[in-house]
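Have a look at the model below.

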Amino acid sequence: MVKQPVSVNGVVRWKDVGLAEQAKSEQKERKMVVLRHEIGDVLRDVRQRQGRTLREVSHSARVSLGYLSEVERGQKEASSELLSSICSALDVPLSSMLREVSDRVAVAEGVAVPDTVPQEFSQRYGRDLNTELDDELSTGLLSGAR
């Protein structure tokens, strides 16, 4: 950080200028993430990928078409029960939908979240943890954990 002279009404004052100011301005520039918007976007994306209409999903989820539309547009905050019902109607696990939402929020916040074990950890502990996990999944050792 550097101090620079700043003149205000003929009075010279010293002002700190540097990384702290840049960080503050970057925080102000970031757009606030609204969770209901991200949830709605993910639900709409899933429904559209399946080629289904709002009417079909609302009927299966037993929720009104208008309310489902508002949830997808991020205008309504859906309860956990309603989200579970919508995910069941879409035949998508709630956890998968929430993971997709989490990934989108992380991207919006500029946070990098690895989806695998970093190479540094596997080298540090002397084995390839990704390979071990894949082996366990393929042999079904973790299938009982669901």
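In helix α5 (residues 80-90), L82, L83, I86, C87, A89 and L90 are buried, where buried means under 20% relative accessible area and exposed over 50%, with a 1.4 Å probe and protein chains only. These residues span an arc of only 160° around the axis (going by directions from the helix axis to the C-beta atoms), so they sit on the same side of α5. This is a predicted model: local features need pLDDT of at least 70, side-chain atom pairs count only at pLDDT 80 or more, and totals for chains, interfaces and linings use all residues. Residues are numbered from 1 along each chain as its sequence is written, and side-chain values use heavy atoms, leaving out hydrogens and water.

**Around α5**
- Helices here are DSSP runs (H or I, at least four residues), numbered from the N terminus.
- On the other side of α5, you'll find E81 and S88 exposed.
- The cover over the buried residues of α5 includes α2 (35-49), α3 (54-61), α4 (65-72) and α6 (94-109).
- Just after α5, D91 has a positive phi of about 60°.

- Setting aside residues up to four places away in sequence, M97 touches I39, V42, L43, L83, C87 and V92, with contact meaning heavy atoms within 4.5 Å.

**S58**
- S58 belongs to helix α3 and is buried, with a relative accessible area of 7%.
- Beyond its neighbours within four places in sequence, S58 contacts V63, S64, L65 and L68.

Key:
Helix = DSSP H or I, 4+ residues; strand = E, 2+ residues; numbered from the N terminus.
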